[in-house]
Amino acid sequence: MPEVVADDSGKEAAPVLCGAKYFADANSRDKEGVESVHCLVLDVDNDKPGVGAGATPDEAALRRALEGMQAVVYASPSHTKAKPRWRVLVPLATPVPPKKHRALVRWFSDNLVEGFEGCIDVAST
């Protein structure tokens with residue numbers, strides 16, 4: 001069972017998991033300051049209810065899909081049994097340039113869990 005991660009300070013004040021390396025002169029964590037991406041931080045929580053394309057897989061299906069990969073799976077603070085919300089950290093063997101990040105996340109969304117195509121919120125990742 002994944003550990004539920006919570007922060008009493010709330011989402012906005014909580015520490016950020018970041019899989020990117022920023023340029024030395026970057027003055028914010030905006031995407032323009034990203035030099036390379038080393039780890040994907042995936043929001044597996046599209047809000048389509050039920051089962052199937054666009055819905056969120058249950059923990060067992062997600063873990064089966066990740067077998068053979070190095071990955072960390074944990075429940076987001078807003079996770080419930082009725083509305084599962086997962087975070088998946090996937091370290092990359094080779095850093096990728098930021099312009100390839102969105103396409104890689106979209107590929108994972110479309111291919112990670114068979115029958116749940118579109119389960120990753122690509123826009124928020």
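**Ground rules.** I number residues from 1 along each chain as its sequence is written, and my side-chain values use heavy atoms, with hydrogens and water left out. Since the model is predicted, I ask for pLDDT of at least 70 for local features and 80 or more for side-chain atom pairs, while totals for chains, interfaces and linings use all residues.

**Fold.** I looked up the elements and found two helices and four strands, in the order β-β-α-β-β-α from the N terminus. I took both kinds as DSSP runs numbered from the N terminus: helices are H or I with at least four residues, strands are E with at least two.

**Strand pairing.** I called two strands paired if DSSP finds at least two bridges between them. Strand 1 (residues 20–22) runs antiparallel to strand 2, joined by three bridges, and here Lys-21 stands opposite Ser-36. Strand 2 also pairs with strand 4 in the antiparallel sense, over seven bridges; Val-44 faces Trp-86 there.

I count a residue as buried under 20% relative accessible area, exposed over 50%, and partly exposed in between (1.4 Å probe, protein chains only). The core has 23 residues, and Leu-42, Leu-62, Val-88 and Ile-120 touch the most other members. Strand 2 (34–44) and helix 1 (59–65) are among the elements that each supply at least two residues, with strand 2 giving the largest share, five.

I then followed Leu-62, with contact meaning heavy atoms within 4.5 Å. Beyond its neighbours within four places in sequence, Leu-62 meets Pro-57, Val-73, Trp-86, Val-88, Leu-112 and Val-113.

**Arg-85.** I found Arg-85 in the loop between strand 3 (72–75) and strand 4 (86–96). Arg-85 counts as buried because its relative accessibility is 16%. Its side chain makes a polar contact with that of Asp-45 at 3.2 Å; the term means N or O atoms within 3.5 Å, and within protein one must be able to donate a hydrogen and the other to accept it, with residues adjacent in sequence counting only if both atoms are side-chain atoms.

**Aromatics.** I paired rings of Phe, Tyr and Trp (its six-membered ring) with centres within 6.5 Å; planes under 30 degrees apart are stacked, over 60 edge-to-face, the rest tilted. That gave me one pair: Trp-107 and Phe-108, edge-to-face, 5.4 Å centre to centre with 85° between the planes. Trp-107 is partly exposed at 49%, whereas Phe-108 is buried at 8%.

Notes. Core = buried A, V, L, I, M, F, W, Y, C linked by side-chain atoms within 4.5 Å.
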